[in-house]
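User: I have a few questions about the labels used for this model. Please set each value against its cut-off.

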Amino acid sequence: MEGQTLQPVGAPAPQHPALQASTAMAAAEQRDRAAIMVAAEMSVRYPRNEMVARDRALAACRSIVVAEHAEYSFPRGGQRITGPTVALVREVSRCWGNIRYGYEIVDSANGRLRINGWAWDMDPSTNLFVQTADEFDLMVQRKDKQTGETRWVEADERDARELLNKRAAICERNALKKLLPQYLIDEALAACSNTRQQGFVDKLKRDRDGTVAKLIRGWSKKNVTEAMLCDYLGHKVETVTPDEMSELHAAWQSIEEGASQIDDHFKRVIDVKPSGTAEVPTVPTTPAAPAVPNLPPIPGNNDEVKF
């Protein structure tokens, strides 16, 4: 018949787009269920040896790559808050074994996301499931090119994806921290600190000028000038110590993870040029975050379920 497409004999009938989406979701759920069943079977077949797992985690912390991304630090209330980064907690969880983790979007409406991070210790000796929750607006800070002011704007698709990944990673870290033994996290932090310290000692001894120049260049990408670094350290950057290098690295990790802002660590300092003219560096100010309405708690959040 004219205008009608004939299907070959024996070919499946075309599906409605809504039915296709439903079928795809069902297939994805089936794959996830199969993966969990396989992981549960493997955890029973190969239960965790805690001494071996601990040694494996501490051995990983002797890697400079792991150690350099292991700890965050930021000031609050006159004190310095420190803790393990997302990268370190994930690495320790990998070494600990028989752990699965992830996140899911609970609700997304009116430019606001509610997510749950979860972690599951599937080892037969534990079998513990933990959830954490977060809620945030899809807003990012942008600097107005005309006025120079920093303001909150609605995130585009790329910014929204980056913001979601960052907040979801923090949710996963908080859930994993509830599963992992505290002594293991403390030992991992101490081992990474020793590795990082020795690494900075070697770098400064081998090429102090190059290491200092790299430090200044790195912070300049975040609009932190050499004068601001000097104010932070209390002396010239050229005389930086390995301890101070480690502290600056932890501050960098804190800013990268979104736990703090540049203004939390550094003050705006007038940078005096050799000619005697003063130049005020352009540092984005941190405006107040958008108001967050008081919403009822999500049922089941922050629960620990013992099977």
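Predicted model: local features only at pLDDT ≥ 70, side-chain atom pairs only at ≥ 80, totals over all residues.

User: How much of the protein is buried, and what makes a residue count as buried?

Analyst: Buried residues make up 37% of the 307 residues. The label requires under 20% relative accessible area.

User: Why is L58 called buried?

Analyst: L58 has a relative accessible area of 15%. The cut-off is under 20%, so L58 is buried. L58 sits in helix α2, residues 50-60.

User: Which residues does L58 touch, leaving out those up to four places away in sequence?

Analyst: They are E187, A188 and A191. Contact means heavy atoms within 4.5 Å. L58 and A191 are 133 residues apart in sequence, yet their C-alpha atoms are 6.6 Å apart.

User: What share of the contacts with a separation of 6 or more comes from residues 24 or more positions apart?

Analyst: The share is 65% for this protein.

User: How do you know how α2 packs against α4?

Analyst: Two packed helices are described by the angle between their axes and the distance between the axes. The axes of α2 and α4 (residues 86-96) come within 8 Å and cross at roughly 145°. The crossing is right-handed.

User: Which residues form the contact of α2 with α4, and what classes do they belong to?

Analyst: From α2 come E50, A53, R54, R56, A57 and A60. From α4 come E91, C95 and W96. By class, the contact of α2 with α4 has five nonpolar, no polar and four charged residues. Cys and Trp count as nonpolar, so C95 and W96 belong to that class.

User: What makes β1 and β2 a pair?

Analyst: Pairing needs at least two bridges. Strand β1 (residues 71-76) and strand β2 (residues 79-84) have six bridges, so they pair. The sense is antiparallel. E71 stands opposite P84 in β2. The hairpin of β1 and β2 has two residues between the strands, and G77 takes a positive phi near 60° there.

User: Is E71 buried or exposed, and why?

Analyst: E71 is buried. Its relative accessible area is 18%, and the label needs under 20%, so the value passes.

User: How do you know that E71 and R196 make a polar contact?

Analyst: The side chains of E71 and R196 are joined at 2.9 Å. The limit for N or O atoms is within 3.5 Å, so the distance qualifies. Not counting residues up to four places away in sequence, E71 touches T82, G83, T85, L189, R196, A250 and Q253.

User: What makes β3 and β4 a pair?

Analyst: Strand β3 (residues 99-109) and strand β4 (residues 112-121) share 10 bridges. At least two are needed, so they count as paired. The sense is again antiparallel.

User: Why is N98 called partly exposed?

Analyst: N98 has a relative accessible area of 22%. Buried needs under 20% and exposed over 50%, so 22% falls in between. N98 is in the loop between α4 and β3. N98 also has a positive phi, about 60°, although it is not a glycine.

User: Why is D264 called partly exposed?

Analyst: D264 has 40% relative accessibility. That is between 20% and 50%, so D264 is partly exposed. D264 lies in helix α9, residues 262-265. The side chain of D264 reaches the backbone nitrogen of Q261 at 2.8 Å. D264 and F74 are 190 residues apart along the chain, with 7.1 Å between their C-alpha atoms.

User: Which residues of α7 are buried, and what follows the helix?

Analyst: In helix α7 (residues 226-233) the buried residues are A227, M228, L229, Y232 and L233. Just after α7, G234 takes a positive phi of about 90°.

How values were computed
Residues numbered from 1 in each chain as written. Heavy atoms only, no water. Helix = DSSP H or I, 4+ residues; strand = E, 2+ residues; numbered from the N terminus. Buried < 20%, exposed > 50% of the residue type's maximum accessible area, 1.4 Å probe, protein only. Axes fitted to C-alpha atoms, helices over the stretch in contact; angles between N-to-C directions. Left-handed = near helix turned anticlockwise from the far one by under 90°. Polar contact = N/O pair within 3.5 Å; in protein donor to acceptor, adjacent residues only side chain to side chain.
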